[in-house]
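My notes follow, in the order I looked things up.

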Amino acid sequence: MGLRELLPGRRARPTPGTALADLAAASAVDPRTPLAQVQLLALDLETTGLDPRRHEVLSVGHVPVVHGRIVLARARHELVRPQGPVGESAVHHGLTDDRLAHRPDLALVLPGVLEALRTGDVEGAEDARPVRRVLLAHFAQIETAFLSAACRRLYGTDVPLQVVDTLTLAQRMLRVPTPELASGRLRLDACRRHYRLPRYRAHSALTDALACAELFLAQSAELAEQHGRALRLADVLAR
Amino acid sequence: MDVELAEIRDFLAEHAPFDTLPADVLDRLPSRCTVSYARRGTVVLRPGDRGDRLYLVRSGAVDITDDGHLVDRVGAGSGFGMSALVEHAPTRYAATAREDTLLLELPQPDFDALVAEHPAVAVHFATTHHGRITAAITQLQTPARGSAVLKTAVRDLLRVDPVSVAPSATVAEGARAMTEAGVSSLLVMDEGGLIGIVTDRDLRRRVLAAGVSPDRPVAEVMTPDPVTLPARALALEALLEMTGRNIHHLPVVEDGRVLGLVTTTDLVRLERSNPVYVVADVQRQADVAGVVEQAARIPAVVGQLVREDASAADVGRVVAALTDALTRRLVVLAESALGPAPGRYAWVALGSAAREEQGLGGDQDHALVLADDADPSDPWWAALAERVTEGLEACGLPRCDGDVMATNPRWRLRVGGWRAQFGRWSDEPAPDAVLQAAIFYDMRAVHGEAELVEGLRAEVVPLGGRSDLLLAHLTAQAARMRPPIGFFRGFVLEDAGEHRDTLDLKRGIAAIVQLARVHALRARSTALGTGARLLAARDAGVIAAETATDLTDALELLSYLRLRHQAAQVAAGEAPDNHLDPRRLGSLDRRHLRDAFAIVRAAQQGLSSRSPQVG
């Protein structure tokens, strides 16, 4: 599910020169593009809860998937200082107020995420024209909702994203009914077990982003086999 | 940057050679890597591909094959693709995902840098690479039958029924069941299906170390969905699975049913019977006692070969190689105790050892051939002979009744002395001396200067072939060794002594050996093996092609029956001999045996009618 669906109606243009404007300027990926040529960004957020209106982002982890490979050199992990206390949620993510006290605000972290969501970032001009990276997440609603809320708060608007959701893929491939939303993380482990992927002991935003990216590689390999052909982006794009 | 790829870092830290890296190098390594995924059956590398990265299996398994032959199976924590990196050449092997596999990839420049800075890493990958080449070459060299692990199916390794419990059983109950059965692993079965396995290691790590109560259900500490092997899988595959995954127990499954369990101990036992390992172990021994200890393994090696249905000719070669290894080691140990030899010499095997046709329970037949400038009266030679003979005796090879051993000064001659001795056997043969002499026409250098022996034989064999008198005596000897042709009707058996009512297989074998020896001499061939001699005689037109084939087959059958008989004796804790009780033969073997003896008899008659006669 993309931000478009969450935000019906007109959307204001972002202010030029901002990271959001650069992302908006990058071209979206044609859904007919062979999946092997698509760049994705596996993203995971640790938050104090599920509601972007009441809860806050505490950490961001992301790692790109380029031509079927997870590029660990570009893996990033940022802890974020929240406005309020982390409260009970520390039980889930292990991030305490003390640990986050000297971390940057989300306003400083968000531009890095938006840069990673397109090619042609500061680390190299690999393409003449920047192309967006498809957002890859497990139970992607959390990531899209919090990103969108942050963008609107900081830039007054947001940008539609193309999304691949490994939870949706799993549901589609395994034909299971919609699971409890709150159990997203458990589901990630369960999905990985299905493919006998290694068990990750600790959870962090980056570990989960990596876990999600690996799951996606496994899922797309199986899906390609089921289809008997190479996949296109449209085959995995969230609908 | 934090060590944020801690999972990858920890994974690397758990596996060789990365476990040897300093922490800061290890911390930086994950960010050099990419991750890819190969669905089961996907070819990751093809021979000839330009490899540009090292692959590490993160999860799953990859088969490394060379022209279709399995060279290695790579499990989590192990690498492949190094052949191209180490050799800077195209990939040698194919790498195919055996399971859905997650791969960690390290690009060549980073691999090169790592190897340059950390010799232990370089050694590890060079060794792995070398090991795969060795395995590939071994496979090439063993087309028909290879080592036991290549040949044995895991089905044949299963010894005891596995111990199992229901998933609801407590850890304590499981541990008790394991202790009672004296096993190190426990299968967890639900409605007849295997759902998990618990090993000693699991009890230690997941129960004791983790402080888990022994009252918890065993299902909570088991490894779910363990790796299994089909019953037809080779021991090699079990070995690769175990080393690749660092596990020690593999359930064996057929049609969804668990047949049993293969353990590393089973494989070690199997592999220790590999003659190659025995030879290597013999060479490592620093004293006679050590050599004797290794010699005790030989009957088990032969037993294993017989179970693998190796041909008697193959087993003969293996036993000869093992006996040679013992002899060589004993000679080297004697040399180091006595000081350097006072001249050039060769230690030679005689008789069946020279022909590489030994079974079990043979005795010692050997001699010394000294260079013409050596002094045979030097006490060093006698001391060497005594030490080696004594060592071989301790290894279970009795001294020769006829004293045809290097300890006998008559059989410690210079080349010139041997030439004169063979000349006497050819020119003025006294019948008894000649019969004893036959064995000297089977002479093979085991240690020392082989060319002394080759030169000698090249001279004396044609000499013997030209001597009608010698040929006549040898022919008579071959014809006298009457095989028990009538045993099929009334059993012509040994009629006295401890082997009463048995059939001496050695008589049939000896008859063929003697026939081949005299035919080869007539052909003036220096061939040593009975099969090779028959072929040489056939090629020289001395015997008919079918005679050569028939005798070769008969020898193989008799030797095979003898081996099977001896292996069974050894397995039963008896001393091996040549005396077969024909009542214990199946009707097919009995018929074949009768045919074999008939062949020998016919060949003997043919020989007598066409050869010079002696009175």
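This is a predicted model: local features need pLDDT of at least 70, side-chain atom pairs count only at pLDDT 80 or more; totals for chains, interfaces and linings use all residues.

**Where the two chains pair**

I began at one residue pair: I70(A) stands opposite V35(B), which belongs to β1(B). Residues are numbered from 1 along each chain as its sequence is written, while chains are lettered from A and ligands numbered from 1 in the order in which they are written.

Helices (H or I, at least four residues) and strands (E, at least two) are DSSP runs, numbered from the N terminus. Strand β3 of chain A, residues 69–71, pairs with β1(B) in the antiparallel sense over two bridges. I take two strands as paired if DSSP finds at least two bridges between them.

**The contact between the chains**

How many residues does the contact take from each chain? I found 20 residues from chain B and 22 residues from chain A. In contact means that the C-beta atoms of two residues, placed from the backbone, lie within 7 Å. On the side of chain B that touches chain A, α1 (6–13), β1 (34–38) and β3 (53–59) of chain B each supply at least two residues. β1(B) gives the most, with four residues. That side of chain B divides into eight nonpolar, five polar and seven charged residues. Here Ala, Val, Leu, Ile, Met, Phe, Trp, Tyr, Cys and Pro count as nonpolar, Asp, Glu, Lys and Arg as charged, and the others, Gly among them, as polar.

**Chain A strands**

In chain A, strand β2 (residues 57–66) is joined to β4(A) by four bridges, and the two run antiparallel. S59(A) has L79(A) in β4(A) as its bridge partner. From β4 (residues 76–79) of chain A, R76(A) and E78(A) point one way, H77(A) and L79(A) the other way, and all are buried. Buried means 20 or more other C-beta atoms within 10 Å of the residue's own, exposed means 12 or fewer, and partly exposed lies in between, with C-beta atoms placed from the backbone.

**A sheet in chain B**

Next I looked up an open sheet of four strands in chain B, ordered β18-β17-β16-β19 with mixed pairing. β18 (412–414) and β19 (443–448) of chain B each have a single partner strand, so one side of each is left without a neighbour in the sheet. Strand β16 (residues 345–350) of chain B runs antiparallel to β19(B), joined by five bridges. One bridge sets A346(B) against G448(B) in β19(B). Helix α14 (residues 312–338) of chain B packs on the sheet, touching β16 and β19 of chain B, and makes about 45° with the direction of β19(B). For such angles, axes are lines fitted to C-alpha atoms, for helices over the stretch in contact, and angles run from 0 to 180 degrees between N-to-C directions.

The axes of α22 (residues 505–522) and α24 (residues 545–571) of chain B come within 9 Å and cross at roughly 150°. Their contact divides into 10 nonpolar, two polar and one charged residue.

Chain B has 25 helices and 21 strands, and 45% of its 615 residues count as buried.
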